Amino acid sequence: MINNTIRGIKISSICAAVPDNLVTLEDCAESEIKNNEFNIAKYKKSTGVSEKYLCIKQQAPSDLCVYAAEKIITEKNIDRSEIGVIVYVTLSPDYRNPATACVMQYRLGLSSSCIAFDMNMGCSGFGYGLNVISSLLATSNSSKALLLCGELAGQTPARKYKDLSDYYLFGDAGSAILLEKTGSEKDSLTIYSASDGSGFKSIITYGGYVRHAEAPIESKMDGVEVFNFAVDKAPEMIKAYMNDMGTTPDDYDKLVLHQANLYIMKQIAKRTGFPLDKMAVSIDKFGNTSSASIPLTIANDYGKDDSDSTKRFLTCGFGVGLSWAAVEFTISTKDVFPVIYTNEWFNDGFTEGC
């Protein structure tokens with residue numbers, strides 16, 4: 001695994017947004033329930049999913065990220081000219097080109113000197129994104145940066161799922177994380193990350209692209225392989241991280257895992273010595289939201305906490321690639337905003353089908 005420590009950088013604010021369109025598991029699986037083809041109680045128990053939020057037809061996850069970022073900029077009275085880096089982590093870009101981050105830079109009114117690009121990463125994208133964006137911030141003349149993580153994971157109009165249970169698992173969300181250059185040695189991010197491309201078929205969407213261009217777009221996930229990967233590699237990395245940092249679960253307020261599946265999350269907590277009451281859970285409310293799940297979980301737990309208390313989180317994301325990443329950080333609860341629910345969307349001027 002690669003271990004990076006970026007000094008003089010801190011996460012100064014977190015906000016997340018979901019569509020104002022609640023869909024229950026019963027809604028998703030109505031026909032299968034009627035035909036006795038789906039045990040909803042068993043599915044809820046194993047995955048933890050009870051409901052999720054899905055984008056309306058015109059909406060994209062970039063809309064959710066932009067509204068989350070706008071909330072941070074407005075509430076914290078940020079000078080937009082100071083934001084010199086914007087990175088959008090997603091598997092659901094608005095267009096094949098240009099990079100959606102360039103459009104988001106325009107929508108947010110940021111300076112034209114701002115670096116803007118997309119990262120094609122999924123469930124580990126929060127850690128991978130922090131690695132890239134904090135490194136750029138530390139080595140540039142910019143003082144602030146925005147990491148945006150968003151995914152249209154819960155509905156895919158242009159593709160089909162081989163296993164409908166995968167469709168039931170996922171929800172849509174977007175998030176924004178503001179990073180600042182402080183110059184202080186006490187502020188740093190240490191990020192562990194790794195990948196194993198031999199497992200690329202374990203979680204994959206194929207067809208309709210350069211390879212297999214004529215095939216229909218289809219998603220599939222090998223549940224057994226993903227489970228074995230997650231409960232092996234994530235605990236291994238978390239334990240290595242704590243060993244190197246000289247910490248134990250007692251040193252953290254919460255273990256914030258990618259909200260992959262409740263059973264997987266419980267296994268990771270158990271194998272790393274974290275009691276379940278220290279494991280943050282939001283999958284019951286939002287489903288699996290890919291790279292947005294870690295900041296969304298933090299916003300869900302602490303967005304309404306006005307106590308101005310400092311919390312220390314150990315986070316780990318794992319999934320498509322296969323890839324995984326861990327990072328810890330502290331943040332004041334006053335700098336975590338409540339989850340936004342919105343159906344607003346960006347009219348780019350194109351008519352549907354153009």
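**Note on the sheet, helices and cores of a predicted model**

1. Phe126 lies in helix α6, where helices (H or I, at least four residues) and strands (E, at least two) are DSSP runs numbered from the N terminus. The model is a predicted one, in which local features need pLDDT of at least 70 and side-chain atom pairs count only at pLDDT 80 or more, while totals for chains, interfaces and linings use all residues. Residues are numbered from 1 along each chain as its sequence is written, and side-chain values use heavy atoms, with hydrogens and water left out.

2. Phe126 is buried, with a relative accessible area of 2%; buried means under 20% relative accessible area, exposed over 50% and partly exposed in between, with a 1.4 Å probe and protein chains only. Leaving aside residues up to four places away in sequence, Phe126 touches Leu147, Cys149, Ile177, Ser291, Ile294, Pro295, Thr315, Val327 and Phe329, contact being heavy atoms within 4.5 Å.

3. An open sheet of mixed pairing is formed by six strands in the order β6-β5-β7-β9-β2-β16, where two strands pair if DSSP finds at least two bridges between them. Its edge strands, each pairing on one side only, are β6 (115–119) and β16 (340–342). Within the sheet, β2 (residues 9–19) and β9 (residues 172–181) pair in the antiparallel sense over eight bridges, and Lys10 stands opposite Glu180 in β9.

4. Helix α6 (residues 125–138) lies across β2, β5, β6, β7 and β9, and runs at about 160° to β7; axes are lines fitted to C-alpha atoms, for helices over the stretch in contact, and angles run from 0 to 180 degrees between N-to-C directions. Helix α11 (residues 293–302) also packs on the sheet, where it touches β2 and β9 and makes about 85° with the direction of β2.

5. The largest nonpolar core has 41 residues, of which Ile11, Leu147, Leu179, Ile298 and Phe329 touch the most other members; such a core is a set of buried Ala, Val, Leu, Ile, Met, Phe, Trp, Tyr and Cys residues joined through side-chain atoms within 4.5 Å. At least two residues of this core come from each of β2, β5, α6, β7, β9, β10, α11 and β15. Another core, of 29 residues, lies apart from it and includes Val226, Leu262, Ala269 and Leu314.

6. The axes of helix α8 (residues 223–245) and helix α9 (residues 262–272) come within 9 Å and cross at roughly 35°. Among the residues making the contact are Phe227, Ile238 and Met242 of α8 and Tyr263, Ile264 and Ile268 of α9.
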